[in-house]
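Please read it with the sequence and structure open.

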Amino acid sequence: ETMIGFGTTIGPFIGGLLFEYGGFCLPFATCGILLLFCGCLAYLVLDPREEEKAAAEEEEKGPAVAGSFRILLSTPVMLLACLVTVVTGMSTQWYQPSLEPYVRTQFGMSPFQASLLFIIDGGTYALVTPIIGKLLDKGLDCRVVLVFGSGIICFGYLLLAPAPPFLFAPSLVQIGVGAGVHGVGMAMNFIGTLTLMTQESGRKSSDCEQIQGMVTSIWITCESLGGFIGAAAGGAAYDKLGWSSSCVMVAGCQTVVMVLVVSGWLAGIVSLYTNSKVYRKEEYKKL
């Protein structure tokens with residue numbers, strides 16, 4: 001995720017620069033050539049004998065675990081993590097189709113100048129992601145991270161609008177700060193949901209490589225689905241409602257998610273307390 005953040009940091013700058021000097025086709029041709037080069041490197045670096053060895057071991061011992069997506073998605077915690085991932089994925093792509101035309105009409109910026117604004121959220125995301133991962137490794141509760149992450153994204157989009165409580169004239173500083181705040185919330189929610197899904201899958205099934213791969217695929221699917229919805233709905237909302245109202249819509253979605261996370265957290269605490277109370281009563285009867 002940190003590497004994705006670095007890629008989204010330099011991508012808009014290089015793409016805008018290539019578009020400025022080489023036209024529409026040059027950024028795509030450059031990106032395609034780089035991807036082909038990476039594919040060739042992968043072919044040279046990755047060792048196919050590792051896969052053959054793993055396949056041979058699986059044939060001898062049998063599948064390590066009989067996991068299924070139905071089992072993984074059968075818990076409310078996993079479904080809530082999927083919902084947070086989808087909504088956060090929506091926020092990452094929501095202003096991708098609308099920020100450039102907005103700043104071009106509002107501030108008279110060129111496409112290359114507008115592309116520099118896309119560096120901010122990606123750069124912030126790249127810097128904050130390893131910090132959040134380290135805090136989670138140290139024992140920070142994923143639900144705390146998700147509550148604050150959703151709140152920060154909501155705060156960032158209200159700042160991008162600007163909408164109450166930020167009642168001031170739009171400016172490039174306001175756009176930049178809002179994008180940076182959004183990047184912090186993205187890092188918290190994406191790493192928090194992936195960690196929460198991993199922890200929950202460990203409770204439902206064996207913590208093995210197959211299950212980890214299935215969990216990661218669920219997470220990537222939710223992120224991609226959110227990105228698709230966000231890009232389509234964000235562009236449509238900008239056309240129909242304008243920049244400020246479209247940003248408020250995302251802030252509202254993040255508020256709903258934040259309430260759901262808090263509600264699920266409180267429900268879990270109540271359930272834990274009730275179960276422990278029943279357990280103490282049963283132990284008392286045995287005595």
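Leu-116 counts as partly exposed because its relative accessibility is 34%; partly exposed is the range between buried (under 20% relative accessible area) and exposed (over 50%), with a 1.4 Å probe and protein chains only. Leu-116 lies in helix H7, residues 111-137, and belongs to a nonpolar surface patch described below. The model is predicted: local features need pLDDT of at least 70 and side-chain atom pairs pLDDT 80 or more, while totals for chains, interfaces and linings use all residues. Residues are numbered from 1 along each chain as its sequence is written, and side-chain values use heavy atoms, with hydrogens and water left out.

**Overall fold**

- The protein has eleven helices and zero strands, where helices (H or I, at least four residues) and strands (E, at least two) are DSSP runs numbered from the N terminus.
- Along the sequence the pattern reads α-α-α-α-α-α-α-α-α-α-α.
- Of the 287 residues in the protein, 37% are buried.

**Nonpolar surface patch**

- Ile-10, Phe-13, Ile-14, Leu-17, Tyr-21 and Leu-116 make a nonpolar surface patch of about 580 Å².
- Patches are made of residues with over 30% relative accessible area and no salt bridge; like charges are joined within 9 Å, and nonpolar side chains (Val, Leu, Ile, Met, Phe, Trp, Tyr) within 5 Å.
- The accessible areas come from the Shrake-Rupley method with a 1.4 Å probe, and for residues only the protein chains shown count as cover.
- Helix H1 (residues 2-22) gives the most to the patch, with five residues.
- Tyr-21 lies in helix H1 and is exposed because its relative accessible area is 71%.
- The C-alpha atoms of Tyr-21 and Phe-112 are 9.7 Å apart in space, and the two residues are 91 apart in sequence.

**Largest pocket**

- Rolling a probe the size of a water molecule over the atoms shows where empty space is left.
- The largest pocket has a volume of about 820 Å³.
- On a 1 Å grid over the protein atoms alone, a pocket is an open set of points where a 1.4 Å probe fits, with protein on both sides within 12 Å along at least five of seven lines; lining residues have an atom within 4 Å of a point.
- Grid points are joined across faces, edges and corners, and the volume is the space filled by probe spheres set on the points.
- The lining of the largest pocket has 28 residues, and Thr-8, Pro-12, Gln-93, Gln-96 and Phe-118 lie nearest the centre.
- Two or more lining residues come from each of H1, helix H2 (25-45), helix H5 (76-94), H7, helix H9 (172-204) and helix H10 (209-241).
- The lining divides into 13 nonpolar, eleven polar and four charged residues; Ala, Val, Leu, Ile, Met, Phe, Trp, Tyr, Cys and Pro count as nonpolar, Asp, Glu, Lys and Arg as charged, and the others, Gly among them, as polar.

- Side chains of opposite charge can pair when their charged atoms come close.
- The count comes to two salt bridges, each defined as a side-chain nitrogen of Lys or Arg within 4 Å of a carboxyl oxygen of Asp or Glu.
- One joins Arg-104 to Glu-100, at 2.7 Å from N to O.
- Arg-104 and Glu-100 are separated by about one helical turn because they are four residues apart in helix H6, residues 99-107.
- Arg-104 is partly exposed, at 38% relative accessibility, whereas Glu-100 is among the buried residues of H6, which also include Leu-99, Pro-101, Tyr-102 and Val-103.
- H6 is followed by Gly-108, whose phi is positive, near 70 degrees.
- The other salt bridge joins Arg-143 to Asp-141, with the closest N and O atoms 2.9 Å apart.
- Arg-143 is partly exposed at 31% relative accessibility, and Asp-141 is partly exposed at 27%.

**Cis peptide bonds**

- Ala-161 and Pro-162 are joined by a cis peptide bond, with omega about -20 degrees.
- Pro-162 is in the loop between helix H8 (142-160) and H9.
- A cis peptide bond also joins Pro-164 and Pro-165, with omega about 10 degrees, and Pro-165 is in the loop between H8 and H9.

**Contacts across the sequence**

- Cys-154 is in helix H8 and is buried, with a relative accessible area of 11%.
- The C-alpha atoms of Cys-154 and Thr-255 are separated by 6.6 Å, although the residues are 101 apart along the chain.
- Val-250 lies in helix H11, residues 243-286, and is buried, with a relative accessible area of 5%.
- Val-250 and Ile-153 are 97 residues apart along the chain, and their C-alpha atoms are separated by 8.5 Å.
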